Amino acid sequence: MADIVSLRGATPAEIFSSGLDNLDEIEEVALSVLWKDGRVTAGWSATDMSKLAFMILALDEEQRKRNLRGE
């Protein structure tokens with residue numbers, strides 16, 4: 001079983017920056033989502049790297065917009 005390490009408080013860009021530095025070591029990508037109603041869903045994916053990169057950029061852009069608006 002894999003070790004699970006909490007990355008709470010890190011931005012998507014910070015999380016995946018270390019992943020990009022160690023790209024050859026990544027086998028799969030696991031993700032958890034905290035919904036507004038308190039539910040947490042989790043899963044993993046062997047998604048194509050270009051789709052993963054697009055998702056990361058979209059998440060980072062949304063987070064930056066929210067920070068600028070003060071949400």
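These are my notebook entries on a predicted model of one protein chain.

**Ground rules.** I number residues from 1 along each chain as its sequence is written. Since the model is predicted, I take local features only at pLDDT of at least 70 and side-chain atom pairs only at pLDDT 80 or more, while totals for chains, interfaces and linings use all residues, and side-chain values use heavy atoms, with hydrogens and water left out.

**Confidence.** I looked up pLDDT, the predictor's confidence in each residue, from 0 to 100. The chain has a mean of 76, and 77% of its residues reach 70 or more. Helix α1 (residues 12-21) has the lowest confidence, with a mean of 68, and strand β2 (residues 40-45) the highest, at 81.

**Layout.** I found two helices and two strands, in the order α-β-β-α along the sequence. Helices (H or I, at least four residues) and strands (E, at least two) are DSSP runs, numbered from the N terminus.

Strand β1 (residues 29-34) pairs with β2 in the antiparallel sense over six bridges; pairing takes at least two bridges found by DSSP. I see valine 29 opposite serine 45 in β2. Five residues sit between the strands of this hairpin, where glycine 38 takes a positive phi near 95°.

**Cover.** I checked burial next: buried means under 20% relative accessible area, exposed over 50%, and partly exposed in between (1.4 Å probe, protein chains only). Of the 71 residues, 8% count as buried. In β2 the count of buried residues among its six is zero.

**Salt bridges.** I wanted side-chain nitrogens of Lys or Arg within 4 Å of a carboxyl oxygen of Asp or Glu. The whole structure has four such salt bridges.

- Aspartate 37 meets arginine 39 at 2.8 Å, N to O. Aspartate 37 is exposed, at 53% relative accessible area, and arginine 39 is partly exposed, at 45%.
- Lysine 65 pairs with glutamate 61, with the closest N and O atoms 3.4 Å apart. Both lie in helix α2, four residues apart, about one turn of the helix.
- Glutamate 62 meets arginine 69 at 3.6 Å, N to O. Salt bridges with shared partners join Glu62, Arg66 and Arg69 into one network.

**A nonpolar patch.** Which residues form it? I found Leu31, Met55 and Leu59, with about 240 Å² of accessible area together. Leucine 59 belongs to helix α2 (residues 49-69) and is partly exposed, at 41%. Patches need residues with over 30% relative accessible area and no salt bridge; like charges are joined within 9 Å, nonpolar side chains (Val, Leu, Ile, Met, Phe, Trp, Tyr) within 5 Å. Accessible areas come from the Shrake-Rupley method with a 1.4 Å probe, and for residues only the protein chains shown count as cover.
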